[in-house]
Structure formats: C-alpha cells, structure tokens
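Work through the exercises below with the sequence and the model in view. Each task is followed by its solution.

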Amino acid sequence: MSILNVEHLTHGFGDRAIFDDVSFRLLKGEHIGLVGANGEGKSTFFNIVTGKLIPDEGKVEWAKKVRAGYLDQHTVLEPGMTIRDVLKSAFSYLFELEEKMNQICDSLGDADPDAMEEMMEELGSIQDTLMMHDFYIIDSKIEEVARALGLLELGLDQDVTELSGGQRTKILLGKLLLEKPDILLLDEPTNYLDEEHIAWLKRYLQEYENAFILISHDIPFLNEVVNIIYHMENQELNRYVGDYDHFQEVYAVKKAQLEAAYKRQQQEIKELKDFVARNKARVSTRNMAMSRQKKLDKMDVIELAAERPKPEFNFKVGRTPGKYIFETKDMVIGYYITEPSPVRHHLGLAPDSRYASL
Ligand SMILES: Nc1ncnc2c1ncn2[C@@H]1O[C@H](COP(=O)(O)OP(=O)(O)OP(=O)(O)O)[C@@H](O)[C@H]1O
Ligand SMILES: [Mg+2]
C-alpha cells in the first residue's frame, strides 16, 4: 500500500534546477535512505513532501490519515517550555482524542440504537488508537526516550531556551519518536548525537515498524538501518532496493554500462557523419548518404552528466608559533540569567581561576 505518491515533480530555485519530472511511490513500512551530494536537494525534497514548499510542477499526494513527523536540520524551539512539556506535546493529539471520547460517552445516553452503535464503533477505534500510541503509559514512555537520549541528566523541568543546539535537537528527536508517526522524516539526525545515543537511535530505527526516510552522510549508520536507497543526482531520483553498499555496487555497474553505450554510440555517430560528408555530393551515393543522415537525425543521443569537479586541498606546512595554540589567564565563561532578556554571555575576570591552555 502506498502512503505517498509523487508524480511529475519539477522544481528549481531561479535557474538552479533541483527536480526534473520525478515520480515515485512510497510504501508502508519502507526504511529509506535518501542520499546525494551536498546541495543536490535532499532537504528541499523534505520541504516539498511536507508541504512547506510548493513545487513548480507536479503532484504530491499522501494517503488519508497518514501522519508524517519531520526532524528539520534547522528547527527552532519556542522559548518558555520545559523539556517535559515539549516531549509531552508529542501526545497532544491523543489528549484531543481522549476529550472526544469523553464527549461521546456523555452523549451516549440520549442516542437512539442506530446512532449508539455508530458511537460505540467510534469509541472502539479511538480506544485502539490510544492503546497503540502508548497513551496510558505516557509518563514512562517519556522517561524511556529521555533516558535513551541523555535528557534525563539535564532535568526534565529545565527550560528549553537554556539548552545548546545539540540538546535541543535531541529533544525534538525525542518528541518525534514519541509521536510514532506513520512516516518519520529525519534530516541528519546523528549530527548532534553522542556515540551512545547514535547506537540507541540505530536500534530504534531497526525496530521501527512504520516507514522512515533518513538523510544521513553517516554511511555505516545508513547501512545498518535502511533497506531502500533513494539516490538524488542530476535532478533525478532513483530507487534502489538494498542498503547503501549494495546501491553503490549497482550504481557503479549502471554507470559503466552507460559509459560503454555512450562510447559505442559516439563511434557510430562519427562513422555516420563521416559517410554523409563523403557521399552526399555524389549523385550515385546521395540516397545512401540521405538515409544515413535520417538515421542520425532519429538517434536518441546518450548524454553523460558532466563529472563534478572534485575539491582539492593543499595545506602549506607552517611553523607552529610555540607550544600553545591558545592561551588565556583568569578566564570565566558563563551565562547570566536576567530579565527581560533571558540569556547573556559573560566573559570576565575571576580571582579563583588561574590558567587555561589548549
Ligand atoms: N530557499 C531557497 N532559495 C534558493 N535556493 C535554495 C533554497 N533552498 C535551497 N536552495 C538551493 O537548492 C540546492 C539544494 O539545497 P538543499 O538544502 O536541498 O541540499 P541538500 O541536498 O539538503 O544539501 P546538504 O547535503 O548540504 O544538506 C542548493 O543549491 C541550495 O543552495
Ligand atoms: Mg540538507
């Protein structure tokens, strides 16, 4: 069953083309790795399928009732909430469902038999959803995820504005995992995670029963959690079954075949052109030349994408200035909590700190 259907997607920013007539179907439960070079359009892909960005052309269609959860590379957290509040907000739609369930229960008494049957059915389906999404064990689920991502140590009552970028990302990731969406969209989730948390996320994704699309430049991580690769290159998106290593093998073979076909065709083109040039002027051979020219005109010419220039780095050897690269005396770095501006950097002198060096 497909949960996302994309047809003839075309998009660009100014004259920078990102997608050219891309179509695909995403199936329930698929674990996808979205790969491609920097700037190919992976994050743009997420923005388009989540509706944040309207594509120039094409259709993006989600199956009914599909909940997609998105972890952005650059999401911002609203100030004034605690870690627990943010994690708990993962369940807000379940609290709404509970509210609806209570309303139905209240009006059951006045309903006629037909309506009552319908209401009982709806109650049953709400109850199932609540059970399936851990509604009755919310607190322990929050604790489990918070522990796994190292958030418990920070204190669940900590204000989120007092946290670092990495810590905030962990909270957003925790919230997303608690939501258990039908499809998780993760953009570089390991960037801010420590080794132990990456190991936990790896296990989590391996066991995730719903679908996910994962953007990651961490190849070993990708290999362990995905079973399908979407590869973005030259405004195309191609689907490969298997992990990243398998994709690379198939891709290399495909590229070699295309290059061989290109060489053969170029040779043929050269020979045909040559024939036409030598024979078109002579009456006796003009017809033959014309038919070769027709063949040339009808030919589906293979084009190879230009090789991207590879960056080259050269570092000049320099003399190190001394034993220390960085040296400071009596330095204090900290945070001032003041009203109304909550956080202010402070750098000053303190009599008790003595010496720091790198
Ligand atoms: N809002 C925008 N306006 C103009 N150009 C944009 C915009 N967003 C992205 N781009 C351009 O589109 C291209 C694709 O960007 P995108 O962020 O999708 O790449 P990416 O594959 O996610 O790269 P990375 O691996 O570095 O995260 C880039 O060339 C980028 O500069
Ligand atoms: Mg990106």
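**Exercise 1.** Find which elements of the protein chain have the lowest and the highest mean pLDDT.

Solution. The model is predicted, and pLDDT gives the predictor's confidence in each residue. Strand S13 (residues 355–357) has the lowest mean among the elements, 39. At the other end is strand S3 (residues 31–35), with the highest mean, 96. Next, look at residues 339–358: the pLDDT there is below 50, and the stretch has 30 contacts in the model beyond near neighbours in sequence. For the protein chain, the mean pLDDT is 87, with 92% of residues at 70 or more.

**Exercise 2.** Describe how strands S1 and S2 are arranged.

Solution. Start with the pairing: S1 (residues 2–13) runs antiparallel to S2, over 8 bridges. One pair to locate is Leu9 with its bridge partner Val22 in S2. Then take the connection: the two strands form a hairpin, with 2 residues between them. In that turn, Gly14 has a positive phi of about 60 degrees.

**Exercise 3.** Determine which element gives the most residues to the shell around ligand 1.

Solution. First list the shell: Phe13, Arg16, Ile18, Gly36, Asn38, Gly39, Glu40, Gly41, Lys42, Ser43 and Thr44. Strand S2 (16–27) and helix H1 (42–49) are the elements that give two or more residues. H1 gives the most, with 3 residues. Sorted by type, the shell has 2 nonpolar, 6 polar and 3 charged residues.

**Exercise 4.** State how many residues of helix H3 are buried.

Solution. Helix H3 covers residues 92–107, 16 residues in all. A residue is buried if 20 or more other C-beta atoms lie within 10 Å of its own. The count of buried residues in H3 is 0, and the helix is hardly covered.

Key
Residues are numbered from 1 along each chain as its sequence is written. Chains are lettered from A and ligands numbered from 1 in the order in which they are written. This is a predicted model: local features need pLDDT of at least 70, side-chain atom pairs count only at pLDDT 80 or more; totals for chains, interfaces and linings use all residues. A residue is near a molecule or strand if its C-beta atom, placed from the backbone, lies within 6 Å of it. Helices (H or I, at least four residues) and strands (E, at least two) are DSSP runs, numbered from the N terminus. Ala, Val, Leu, Ile, Met, Phe, Trp, Tyr, Cys and Pro count as nonpolar, Asp, Glu, Lys and Arg as charged, and the others, Gly among them, as polar. Two strands pair if DSSP finds at least two bridges between them. The expected span of a helix is 1.5 Å times one less than its number of residues. A residue is buried if 20 or more other C-beta atoms lie within 10 Å of its own, exposed if 12 or fewer, and partly exposed in between; C-beta atoms are placed from the backbone. pLDDT is the predictor's confidence in each residue, from 0 to 100. Two residues are in contact if their C-beta atoms, placed from the backbone, lie within 7 Å.
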